[in-house]
Amino acid sequence: GLAASLPTLLVNQVFHGMCKKQLPIADLAREINLRQRMSMPIGCFTALGVGVIDNFNHTIEIWNGGLPDFYVINNQEIIKQFSSQHVFSGILNDEAFDDTTEIWSWKEPCDLFLYSDGITDLLNKDKQAFGTQQLKHCLTQSESNNRITYLQSHVNDFIDKEQEQDDISCLLIHCH
């Protein structure tokens, strides 16, 4: 809805401004949090994940506040999870805010998969949730160039199309 989209506009504006300055991820997360606290009504906060993939040094750096785990998949195995280590952005004042990021190095090409909880929360006709285990199964049973298509097919077969569902977002990034 409209209320949910307002923080997104602010986050987008701060994100693009900070990226042009090539500031560290920790600074970006802190600035988004600060701007949300200053500009949004009390109680308005955002699940936020920001990161950088450095293909030269083969590193991924993530700040995750309130989003589901991000998965790194190599071949057909989840080899790393970036779990939420922080509260949602916009809740804490600057003094209490933790801008610690997690940095991980890959040794061979892999995929970084990010998603919203809409995918694990979606329901079938029996009111059963798709769930994390089924998501992981789909991600590890498909080849890198086919993961999203494979997942989409399974979601379409599973979902109760007669029932209103949460939005679903996912992103797969190849890290080489």
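Me: Is Cys175 buried or exposed in this model?

Reply: Cys175 is buried, with a relative accessible area of 0%. Keep in mind as we go that this is a predicted model.

Me: Which cysteine sulfur is nearest to that of Cys175, and how far away is it?

Reply: The general idea comes before the case: a disulfide is a covalent bond between the sulfur atoms of two cysteines. A pair counts when the sulfur atoms are within 2.5 Å. The nearest sulfur to that of Cys175 belongs to Cys110, 4.6 Å away, and Cys175 is in no disulfide.

Me: Let's turn to rings. How many aromatic pairs does a search of the whole structure find?

Reply: The search finds five aromatic pairs. One of them joins Phe45 and Phe88: the ring centres are 5.2 Å apart and the planes stand at 50°, so this pair is tilted. Phe45 is in the loop between H2 and E1, while Phe88 is in the loop between E4 and strand E5 (102-105), so the contact ties together parts 43 residues apart in sequence. Phe45 is partly exposed at 41% relative accessible area, and Phe88 is partly exposed at 31%.

Me: How are the rings of Tyr71 and Tyr115 arranged?

Reply: Their centres lie 5.9 Å apart with the planes at 15°, so the pair is stacked. Tyr71 belongs to strand E3 and Tyr115 to strand E6 (residues 110-115), so the pair ties together parts 44 residues apart in sequence. Tyr71 is buried, with a relative accessible area of 1%, and Tyr115 is buried at 6%. Together with Phe113, these two tyrosines form one aromatic cluster.

Me: Which other residues have a positive phi without being glycine?

Reply: Among them are Gln22, with phi near 55°, and His58, with phi of about 55°. Gln22 sits in the loop between helix H1 (2-20) and helix H2 (25-39) and is exposed at 73% relative accessible area. His58 sits in the loop between strand E1 (48-54) and strand E2 (59-65) and is partly exposed at 29%.

Methods: Residues numbered from 1 in each chain as written. Predicted model: local features only at pLDDT ≥ 70, side-chain atom pairs only at ≥ 80, totals over all residues. Heavy atoms only, no water. Buried < 20%, exposed > 50% of the residue type's maximum accessible area, 1.4 Å probe, protein only. Helix = DSSP H or I, 4+ residues; strand = E, 2+ residues; numbered from the N terminus. Phe/Tyr/Trp six-rings, centres within 6.5 Å; stacked < 30°, edge-to-face > 60°.
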